[in-house]
Amino acid sequence: MTTPYDLIIVGGGPIGLACAIEAQKKNLNYLIIEKGAIVNSIFNYPLYMTFFSTAERLEIGDIPFNCLAPKPGRQEALEYYRNIHRYFNFSIHLFERVAEVKKQDDGSFKVKTDKNSYDAKNVIIATGFYDIPIEMNVKGEELAKVRHYYKEAHEYAFRNVLVVGANNSSVDAALECWRKGANVTMVIRKNEINKRVKYWAKPDIENRIAEGSITAYFESNVTEIKDNEVEIQTPNGKITIENDFVLALTGYRPDLSFLENMGIQLSDDELKTPTYHPETMETNVPGLFLAGVICGGMHTHKWFIENSRIHANMIIDYITSN
């Protein structure tokens, strides 16, 4: 018989690491299980992505995040969180996917992965939301030229590129592709660029649209994607444009079925907000906690690194006080 862990943390992103730091301070026997690389979501961000937050708001464990630029980028963040791991030497299993978290009769949890099985007294789910893209559900979306994730612009240079969406990822991709020589068209469901777009990028994209460098169809939707064309429903009727690539950057959603399978109750509205105590982050399942952006359900802009770092202290303080 192996001794159960005091705590298993599912997810090795910044908030999962913050939880591990607090667990380590309280001498808890813990394990982080991460399906990919350390801070896997940040690793999968666009290569030249710049954070909206300043460096100090991304810090965890009271370790300074030194950055020369006003806002850190993806590379600086990866370097910072790798150094965090070097400093704290986390108990962490990378490239191991959690398949099931099940409450046992004795009150503990059985955590099954694609490689092993573990027992834990408490479990924190800190899995974020970046793994499941919100699909457009249109004919042709399965074509290889359709991408739900954007890495860098070089592949799209000198090609006809359609960018779907008007959020930060869409705006960054449209501007980068245009600057690398792509012929960029945007399809935007609403009548304006999202107000949450980074303040230095919003006027840039609006000016490029105003001068005609980037074509934008507002209050429009993609209706069909073909090998060399895309059909778009606009307020003035349906149009067809030549197309080589579609960047469907329409957002992402958390794995809500994963939460439901653990017994976590979700709200009945479209937000599907998980049930948890706001002071302890404990769900309706005793001993099962949520941390980070996953707490917002489909409202993926409610929680982010800088305002959910406090979840780590709240959870660990509660666990160690009982």
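In which handedness of crossing does H1 pass H8? H1 passes H8 in a right-handed crossing. The structure is a predicted model.

**Helices H1 and H8**

- Helix H1 (residues 14-25) packs against helix H8 (residues 310-320) at an angle of about 40°, and their axes are 8 Å apart.
- H1 contributes Ala18, Cys19, Glu22 and Ala23 to the contact, while H8 contributes Ala312, Asn313 and Ile316.
- Classified by residue type, this contact of H1 with H8 comprises five nonpolar, one polar and one charged residues.

**Helices H4 and H5**

- Helix H4 (residues 168-179) and helix H5 (residues 202-210) pack with their axes 10 Å apart, at an angle of about 55°.
- H4 and H5 are therefore oblique to each other.
- The crossing of H4 and H5 is left-handed.
- On the H4 side the contact is made by Val171, Ala174, Leu175, Trp178 and Arg179, and on the H5 side by Asp204, Ile205 and Arg208.
- The contact of H4 with H5 has five nonpolar, no polar and three charged residues.

**Aromatic pairs**

- The structure holds 16 aromatic pairs.
- One of these is the edge-to-face pair of Tyr130 and Tyr149, with 5.3 Å centre to centre and 80° between the planes.
- Tyr130 lies in the loop between strands E6 (117-125) and E7 (132-133), and Tyr149 in the loop between strands E8 (146-147) and E9 (160-164), so the pair ties together parts that are 19 residues apart in sequence.
- Tyr130 counts as buried because its relative accessibility is 11%, under 20%.
- Tyr149, at 31% relative accessibility, counts as partly exposed.
- Ring pairs link Tyr130 and Tyr149 into a cluster with Tyr45, Phe51 and Tyr252.

Notes: Residues numbered from 1 in each chain as written. Predicted model: local features only at pLDDT ≥ 70, side-chain atom pairs only at ≥ 80, totals over all residues. Heavy atoms only, no water. Axes fitted to C-alpha atoms, helices over the stretch in contact; angles between N-to-C directions. Helix = DSSP H or I, 4+ residues; strand = E, 2+ residues; numbered from the N terminus. Left-handed = near helix turned anticlockwise from the far one by under 90°. Contact = heavy atoms within 4.5 Å. Nonpolar A, V, L, I, M, F, W, Y, C, P; charged D, E, K, R; others polar. Parallel < 35°, antiparallel > 145°, perpendicular 65-115°, else oblique. Phe/Tyr/Trp six-rings, centres within 6.5 Å; stacked < 30°, edge-to-face > 60°. Buried < 20%, exposed > 50% of the residue type's maximum accessible area, 1.4 Å probe, protein only.
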